[in-house]
Amino acid sequence: MKTRLKTAGILILALLVLVWLDLYLLNFLIFAAVLALSLSEALKLYKIDDETIIPLGVGLFIIFAIFSGNSFSHVYKFIALTLLVASSFLAYKNSENLNSLKVLIYPLAPIFIMFSIYQVLGITCLVYLLVIIACADSGAYFIGKAFGSHGFCQTSPNKTLEGLLGGVVCAVFVGGAYYAFFMDAGTLPNPLISTIFIVVAGIFGDLFESYLKRKAGVKDSGEIFPGHGGMLDRIDSYFFGAIAMSLIYIW
């Protein structure tokens, strides 16, 4: 527990510094590094023995950042085009292995969408996403430990319904305070429903990562964060939360 809290404290401090600086190039480089680490961990989860996917993914991210524009529709078009080209290439080569498409769907596409939150809406909205997901995750963990008695599902047996509900409530209250102090009115259409939608999506993002790890037979996706596991273990909820947040604006 001490290691987990210490790591969390360091990550929060690093986030505060990055928010205070708010340098586009620095944030871009951090996202690129996160993508590289995520791809490396995903290759192990999918049992893919092809390290060239990592530089290819980072290269796609660079192209995406340059040409995607300030619109969520552009990011989805870019993802669709990438999947179209990759699928066509595999079909042309008569490939026996389609696992590389899994990497394009997860984690590559969600990281593109998460970066688009920063590009389109700015650092304030990106931090809002990080805050409410983190509050939901922490609230679910501690409330579940204290009061949880009803299991959520077999994929993640440690999660409880009481914990998840408590996490959503924590996220709503903290997110509401953040929204009132740091965001302009009307930034989110119906902030309460939007927050709940994003948080619930984040819960299933964490569940999806648990599903992948269970299928791969591993406890954590990596070991980069002491007490927290790998990069994907830390940002899985943000992936689905970012997708939900982008859909709120283009639905």
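Author: Helices (H or I, at least four residues) and strands (E, at least two) are runs assigned by DSSP, and they are numbered from the N terminus. The model is predicted, so local features are described where pLDDT is at least 70 and side-chain atom pairs where pLDDT is 80 or more, while totals for chains, interfaces and linings use all residues. Residues are numbered from 1 along each chain as its sequence is written, and side-chain values use heavy atoms, with hydrogens and water left out.

Helix H2 covers residues 24-45, which gives it 22 residues. From the first C-alpha to the last, H2 reaches 31 Å, close to the 32 Å expected at 1.5 Å a residue; the expected span is 1.5 Å times one less than the number of residues. Several residues of H2 are buried, among them Phe28, Phe31, Leu35, Leu39 and Leu43. Here buried means under 20% relative accessible area, exposed means over 50%, and partly exposed lies in between (1.4 Å probe, protein chains only). Asn27, Ser38 and Glu41 also belong to the buried residues of H2. An α-helix has 3.6 residues a turn, so residues three or four places apart point the same way.

Just after H2 comes Lys47, with a positive phi of about 60°. This residue is other than glycine, and it sits in the loop between H2 and H3. Lys47 counts as exposed because its relative accessibility is 59%.

The next matter is how the helices meet. Two packed helices are described by the angle between their axes and the distance between the axes. Axes are lines fitted to C-alpha atoms, for helices over the stretch in contact, and angles run from 0 to 180 degrees between N-to-C directions. For H2 and H3 the angle is about 150° and the axes are 9 Å apart. Their crossing is right-handed; a crossing has this name if the near helix is turned clockwise from the far one by less than a right angle, and it is left-handed if the turn is anticlockwise. On the H2 side, the residues that meet H3 include Tyr24, Phe28, Phe31, Leu35, Leu39 and Leu43, where contact means heavy atoms within 4.5 Å. On the H3 side they include Ile53, Gly57, Phe61 and Ala65. The contact of H2 with H3 comprises 14 nonpolar residues, 2 polar and no charged ones. In this classification Ala, Val, Leu, Ile, Met, Phe, Trp, Tyr, Cys and Pro count as nonpolar, Asp, Glu, Lys and Arg as charged, and the others, Gly among them, as polar.

H3 (residues 53-67) also packs with H5 (residues 99-121): their axes come within 11 Å and cross at roughly 30°. This crossing is right-handed. H3 contributes Ile53, Gly57, Leu60, Phe61, Phe64 and Ala65 to the contact, while the H5 residues include Ser100, Val103, Leu104, Leu108 and Phe112. By class, the contact of H3 with H5 has 10 nonpolar, 4 polar and no charged residues.

Asn99 lies in H5 and counts as buried because its relative accessibility is 17%. Apart from residues up to four places away in sequence, Asn99 touches Tyr46 and Ile48.

The C-alpha atoms fill a box of roughly 55 × 40 × 30 Å along the principal axes. Buried residues make up 44% of the 251. Among contacts between residues at least 6 apart in sequence, 72% join residues at least 24 apart.
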